[in-house]
Amino acid sequence: MTKLGFGLTFLTVVACSLFPGGCDRREEQQGLEAAAKAELAAVIQERNRLQEQVGKLAKDWAAKEKTAEITMNNLKYLLAEETEKVVELQDRNEKLQATIDELQKKLGIEAEEVKDEFKEIREPDVIFVPTPQDVVDKMLELAEVKKEDLVYDLGCGDGRIVVTAAKRFGCKAKGYDIDPNRVRESLKNVARNNVGHLVTIEQKDIFTLDLSKANVITLYLLPELNVRLIPQLEKLKPGSRIVSHDFSMEGVKPDKVVTITSDRDTYEHTVYLWTVPLKKIPEAEPAPVLDDLSEE
Ligand SMILES: C[S@@+](CC[C@H](N)C(=O)[O-])C[C@H]1O[C@@H](n2cnc3c(N)ncnc32)[C@H](O)[C@@H]1O
């Protein structure tokens with residue numbers, strides 16, 4: 001029932017009670033009054049129910065709002081934390097990149113230096129052919145190498161002669177080779193045999209060397225290269241020994257010449273020994289020219 005309906009019923013009930021003679025339908029009015037009251041009670045109940053529902057919804061909403069706020073705050077916090085981490089990582093990344101750049105630069109320079117250290121000087125005058133180990137032993141024995149000696153191998157190949165001299169006699173030794181690959185091999189050989197404290201290896205052209213400090217020279221070159229070395233060999237200290245595998249030295253008389261059949265290759269090898277001062281063989285007088293004789 002609407003407010004207007006309820007009002008009219010109420011007025012009717014009042015009028016009837018004021019004028020009892022005019023109201024013949026008192027019972028009916030009472031019924032209407034009771035219905036109006038019931039309807040009013042129902043409306044009030046419905047309003048209360050709705051109010052309760054609204055209150056509950058409001059409470060729910062407030063709770064949800066609170067949860068959303070907490071979630072939002074948490075997310076903001078996480079975002080701030082992550083942003084901080086990203087900044088930190090970017091910073092570390094920049095520092096690492098700087099270190100990498102620096103190391104790469106350094107490595108590049110070092111690689112260049114290594115390349116420079118072992119750059120090709122010129123073509124070798126003779127290719128690398130190693131002396132069999134038993135012939136190496138014979139050469140050093142013939143030169144009577146002692147601990148106090150300084151042995152030079154001119155064209156040291158894989159370094160076997162200088163390594164053997166250091167290992168067997170405990171003497172110092174120097175190996176020289178023009179070929180960068182041979183120098184690397186020799187250095188490895190020296191390291192493998194732990195004789196780095198006695199043996200040095202250098203990339204040098206043997207024809208540029210000062211030999212005056214050596215006592216023993218070992219050679220496995222070619223006859224003409226031995227001859228080319230004579231001016232340098234003459235500057236060795238008196239008593240120094242020179243041994244050559246397979247090749248003589250034209251114009252200089254050897255003190256000893258021995259042969260050895262190698263177990264390694266079954267060939268016969270010759271070893272020459274010279275001592276300083278060198279015994280030069282005087283060049284023969286040129287034969288007189290026949291025409292000149294006839295004129296005399
Ligand atoms: C036949 S091998 C002898 C190697 C070693 N001495 C041996 O008896 O086992 C000659 C060596 O001399 C080197 N050689 C050639 N010409 C040279 C030069 N002008 N200066 C330095 N080494 C040279 C070669 O590279 C080669 O390793």
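This is a short tour of a predicted model, from its sheet to its helices and then the ligand.

Before you click, note that residues are numbered from 1 along each chain as its sequence is written. In this predicted model, local features need pLDDT of at least 70 and side-chain atom pairs count only at pLDDT 80 or more, while totals for chains, interfaces and linings use all residues.

**Stop 1: the sheet.** You'll see an open sheet of seven strands in the order E3-E2-E1-E4-E5-E7-E6, with mixed pairing. Strands here are DSSP runs (E, at least two residues) and helices are DSSP runs (H or I, at least four), numbered from the N terminus. Two strands pair if DSSP finds at least two bridges between them. Select 199–203 (E3) and 256–261 (E6): these are the edge strands, each with a single partner, so one side of each is left without a neighbour in the sheet. The twist averages 20° from one strand to the next.

**Stop 2: the E3 end.** E2 and E3 run parallel, paired over five bridges. Pick Lys174 and you'll find Thr200 of E3 opposite.

**Stop 3: the E6 end.** Move to E5 (241–245) and E7 (268–275), an antiparallel pair joined by five bridges. Ile242 stands opposite Trp274 in E7. E7 also pairs with E6, antiparallel again, over six bridges, and here Ile260 has His269 as its bridge partner. Now click along the hairpin of E6 and E7: six residues lie between the strands, and Thr266 takes a positive phi near 65°.

**Stop 4: the helices.** Select H4 (160–169) and H3 (133–142), which pack at about 60° with their axes 10 Å apart. Axes are lines fitted to C-alpha atoms, for helices over the stretch in contact, and angles run from 0 to 180 degrees between N-to-C directions. The two helices are therefore oblique to each other (under 35 degrees is roughly parallel, over 145 roughly antiparallel, 65 to 115 roughly perpendicular, and the rest oblique). Show side chains for Gln133, Val136, Asp137 and Leu140 of H3, then Arg160, Ile161, Thr164, Ala165 and Arg168 of H4, which make the contact (C-beta atoms, placed from the backbone, within 7 Å). H4 also lies across E1, E2, E3 and E4, running at about 175° to E2.

**Stop 5: the ligand.** Which residues are closest to the ligand? Of the 24 that surround it, they are Pro124, Thr131, Gly155, Gly157 and Tyr220 (a residue is near if its C-beta atom, placed from the backbone, lies within 6 Å). H4 and E2 (172–177) are the elements that give two or more residues to this shell.

Technical notes
Two residues are in contact if their C-beta atoms, placed from the backbone, lie within 7 Å.
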